[in-house]
Amino acid sequence: MTVGATTGVLPSRLVIGVLALQGAFIEHIHYLERLDVKGHYITALAVRNPEELESCHALIIPGGESTAITRVADRTPGMLPALQAFVADPSRPVYGTCAGMILMADADGVGGGKRKNDGSAWGGMTGLRVWRNLYGGQLESFEFPLHIPSLSEPHRPFNAIFIRAPAVHSLKQSNAEIERLASLPPDCVPAPPPADSPLGEPDIETTPVVMLRQGRKLVTSFHPELSGDTRIHEYWVKHCVVAAQ
Amino acid sequence: MSASEPTIVHSTGAAAPAAPANGATTPSFPGRSGASTAGGTFGVKTGLAQMLKGGVIMDVMNVEQAKIAEEAGAVAVMALERIPANIRRDGGVARMSDPAMIKEIINAVSIPVMAKCRIGHTVEAQILQAVGVDYIDESEVLTMADDQHHIGKHAFKVPFVCGCKNLGEALRRISEGAAMIRTKGEAGTGDVVEAVKHQRAVRNDIRRAAAMSDEELYVLAKELQAPYHLLKETARLKRLPVVAFAAGGVATPADAALMMQLGCDGVFVGSGIFLSGDPAKRARAIVQAVTHYNNPQMLAEISENLGPAMVGISVKDEVKTGHQTAYADRGN
């Protein structure tokens, strides 16, 4: 989509899709509608088929059950190849929260080595490997006031809600550098997973990292759409979507 | 905060502020001291339900069925020894399932696992929390353990889902600590009429409330026997302040899509899948129908060649005439 060779007088229209196959997509749409980005007006669109995806400039993959989102995508005609092509394109801005982070990884495995990665990951963040549910089940879900220096008002903590959250297993170096934007303190991070992990040796140093950026791609293992704070969406739109078109 | 986001404040167990919690509410589990995290807050409890939206939660009786459900794209499974239609057939007292059976299912799937306890049976709920289920359904499908009181659900770290027939009942359950609501419908019948009735009743009351002044809302709160602050919040949001699913009698993809068009956030399917001719296929079809509920062309394709649906029990002919137990009448 052409965002417009405007002279800077007229605001350009940005269509940001939110994948609406399953999960908490409506919250992301409400957030996007609240954003005020200078020089642009944002249209948020619920995306359920390849035609709707085609009309989007950028995409959010929301939280939900990653297995369910994968299965529905597999069985919606044309959807899976369209999604894979979209997220793999480095020029396409994509933001994944929780389940979205799992789907944007190179590979994923269930925490505790319960099962091998079933090929559900769609890619997008090159070099990222993810543990599903490493933080445990619902009884281990928690909130934490996270320090994120890159956001506006960096001194105000971000109330991060972690629901059966995934964790970073390891980060492989590639051409595109992965920035670590936020980490949990060590006492909140689960114990290293057992050695029989289906993903191989984990990198313990990366386990506390909960927010990552690679070019136009952003992932968080928590749910900003549940805390009533739009600063992460604002960051993504500013730095990954509209910056240097 | 926009008008579209819930800001429920409970008299007890309030939604947690951003500040680190003190030791009293700190979870303790192996491998993580978690000294500065807040677990089991209302935000965390309702948060999981938010992630289940647009999805299907399926009743399963063993590991094999749980795997079929997960493969079909269920967002969660409800582990129980007998699905509602079989409880109906067998009669007698229906209780919490064997924890060993629930644990097997937890170990077999990566999606959340729910389990049912009897209405008012605090100890069954404590046991299910100890087993490590992700959600508890305080369910009218099981025989009531207390015919006056529901469980005080704020005291638990695990979240609860409860059934309702109307707005007053939904808000009473939320007031007790339920983090998710579902219609009661009439479980184990395969007749969707009661689920439709309950969903329409909730929506009707919400529309009424949304048009009212404060003075009128006080009167409505009395009429509905609902806490005023929750009614006020519901009127402001123009929807229930927690996630609300359909349940009780959903048997086909069209039933599921109907409930979604009536404004439900997702669907529970109890007996409808594993009592049908081809459970795996029907399970997949219902999952697709809940995503594409507004696309009739897609629904037509999804509904093709599913084999026989579960044999239904007409609510009007069997339940209302007293030949069958009305589960929806349990609890209020």
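To start with, what share of the 245 residues in chain A do buried residues make up?

Reply: Buried residues come to 61% of the 245 in chain A, where buried means under 20% relative accessible area, exposed over 50% and partly exposed in between, using a 1.4 Å probe and protein chains only. Before going on, keep in mind that this is a predicted model: local features need pLDDT of at least 70 and side-chain atom pairs count only at pLDDT 80 or more, while totals for chains, interfaces and linings use all residues. Residues are numbered from 1 along each chain as its sequence is written, chains are lettered from A and ligands numbered from 1 in the order they are written, and side-chain values use heavy atoms, leaving out hydrogens and water.

Chain A is built with six helices and twelve strands; these are DSSP runs numbered from the N terminus, with helices (H or I) of at least four residues and strands (E) of at least two. If you take its contacts (heavy atoms within 4.5 Å) between residues at least 6 apart in sequence, 75% join residues at least 24 apart.

Now the rings. Rings of Phe, Tyr and Trp (its six-membered ring) pair if their centres lie within 6.5 Å; planes under 30 degrees apart are stacked, over 60 edge-to-face, and the rest tilted. Searching the whole structure turns up nine aromatic pairs over all chains. Take Tyr135(A) and Phe142(A): their ring centres are 5.8 Å apart and their planes meet at 50°, so this pair is tilted. Both Tyr135(A) and Phe142(A) are buried, too. Another tilted pair is Phe162(A) with Phe222(A), at 5.5 Å centre to centre and 55° between the planes. Phe162(A) lies in strand β8 (residues 158-162) and Phe222(A) in the loop between β12 (217-220) and α6 (231-241), so the pair ties together parts of chain A that are 60 residues apart in sequence. Phe162(A) is buried because its relative accessibility is 1%, and Phe222(A) is buried with 0%.

In chain A, Arg34(A) lies over the face of Tyr31(A), 5.4 Å from the ring centre. In chain B, the charged end of Arg88(B) is over the ring of Tyr327(B), 4.2 Å from its centre.

You'll find Pro208(A) in the loop between β10 (179-183) and β11 (209-214), and with a relative accessible area of 18% it is buried. Leaving out residues up to four places away in sequence, Pro208(A) touches Ala182(A), Ser183(A), Leu184(A) and Val189(A). Pro208(A) and His155(A), on the other hand, are 53 residues apart in sequence and 20 Å apart in space, C-alpha to C-alpha.

And for a quick look at the other chain: chain B has 14 helices and nine strands, and 58% of its 332 residues are buried.

Key
A charge sits over a ring if NZ of Lys or CZ of Arg is within 6 Å of the ring centre and within 35 degrees of the ring normal.
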